[in-house]
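Biologist: Before we go through this model together, please take me through its features one at a time, giving the general idea and then the case at hand.

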Amino acid sequence: MLKRLTYRSLLAAIALLFIARTDVSAQKLDYELVSLYVYNFTKYIEWPEKGSNEFIVGVYGTSPITDMLTKYISTKHVGVRPIVVKVINTPEDANACDILFLPMSQSSRIKPLSDQLKGKPVLIISEKYGLGRKGADITIFLDEDDEEKTKFEINKTSITGCGLNISSNLLRLAAQVY
């Protein structure tokens, strides 16, 4: 009985260590920092004139980043247009945005969203590495070798294809440009 109990205890301890190790390696983006990235992108990208008096940053679905964007950038302006943060629930609603943030939980919606917004001056920002090749304009992600470093990749072709002008200074800061 003692051997069985010790064996089970050992297995349980190993399982707990594995779970704890998994949690440590599965770091998440710091949404406070991501909010600042989103705002700073507006300094290096130019949008064409639009009929709206507001600069709309939409978040597709529910995400903790909505609160961070509201806290850190809703008091700012892009040019003379005040930034307004909104929750977006349908691809059609995304048409009103200047920036659309696609949280990790909504990554599977990249195709219908990018199809809906094709050719429109809406910058799609995602947080899942690799979505730039599937329709996102900018992807913010954690470095796989150093999860304390936040990086971003840019799909320049997509950005210029929707009528936005991107600064070469921002392109130089990106981890990858395609």
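**Reading a predicted fold**

Modeller: Ile159 has its place in helix H5, residues 156-161, where helices (H or I, at least four residues) and strands (E, at least two) are DSSP runs numbered from the N terminus. This is a predicted model, in which local features need pLDDT of at least 70 and side-chain atom pairs count only at pLDDT 80 or more, while totals for chains, interfaces and linings use all residues. Residues are numbered from 1 along each chain as its sequence is written, and side-chain values use heavy atoms, with hydrogens and water left out.

Biologist: How many helices and strands are there in the protein chain?

Modeller: The protein chain has six helices and ten strands.

Biologist: Is Ile159 buried or exposed?

Modeller: The general idea is a set of cut-offs: buried means under 20% relative accessible area, exposed means over 50%, and partly exposed lies in between, with a 1.4 Å probe and protein chains only. Ile159 counts as buried because its relative accessibility is 0%. Across the protein chain, buried residues make up 41% of the 178 residues.

Biologist: Which residues does Ile159 touch, not counting residues up to four places away in sequence?

Modeller: A contact means heavy atoms within 4.5 Å. With residues up to four places away in sequence not counted, Ile159 touches Leu123, Asp137, Ile138, Ile154, Leu164 and Ile166. For the protein chain as a whole, among contacts between residues at least 6 apart in sequence, 59% join residues at least 24 apart.

Biologist: Where is Leu171 found, and which residues is Leu171 in contact with?

Modeller: Leu171 is found in helix H6, residues 168-173, and counts as buried because its relative accessibility is 17%. Leaving aside neighbours within four places in sequence, Leu171 is in contact with Ile154, Lys156, Ile166 and Val177; Ile154 and Ile166 are also among the residues that Ile159 touches. Leu171 and Tyr44 are 127 residues apart in sequence and 9.2 Å apart in space, C-alpha to C-alpha.

Biologist: What does Val84 touch, and where is Val84 found?

Modeller: Val84 is found in strand S4, residues 81-88, and counts as partly exposed because its relative accessibility is 21%. Apart from residues up to four places away in sequence, Val84 touches Glu54, Phe55, Ile56 and Val57. Val84 and Gly58 are 8.3 Å apart in space, C-alpha to C-alpha, and 26 residues apart in sequence.

Biologist: Where is the place of Ser63?

Modeller: Ser63 sits in the loop between strand S2 (55-60) and helix H3 (65-73). Ser63 is buried, with a relative accessible area of 14%, and touches Tyr31 and Pro103 when residues up to four places away in sequence are not counted.

Biologist: How many salt bridges does the structure hold?

Modeller: A salt bridge is a side-chain nitrogen of Lys or Arg within 4 Å of a carboxyl oxygen of Asp or Glu, and the structure holds four salt bridges. In one of them, the side chains of Lys50 and Asp98 meet at 3.3 Å, N to O. The pair links distant parts of the chain, 48 residues apart, with Lys50 in the loop between strand S1 (45-46) and S2, and Asp98 in the loop between S4 and strand S5 (99-102). Lys50 is partly exposed at 28% relative accessibility, whereas Asp98 is buried, with a relative accessible area of 1%.

Biologist: Which parts does the pair of Arg81 and Asp98 tie together?

Modeller: The side chains of Arg81 and Asp98 meet in a salt bridge of 2.9 Å, N to O. Arg81 lies in strand S4 and Asp98 in the loop between S4 and S5, so the pair ties together parts that are 17 residues apart in sequence. Both Arg81 and Asp98 are buried.

Biologist: What meets in a salt bridge with Asp143?

Modeller: The side chain of Asp143 meets that of Lys151 in a salt bridge of 2.7 Å, N to O. Asp143 is buried, with a relative accessible area of 9%, while Lys151 is partly exposed at 31%. Elsewhere, salt bridges that share partners join Lys50, Arg81 and Asp98 into one network.
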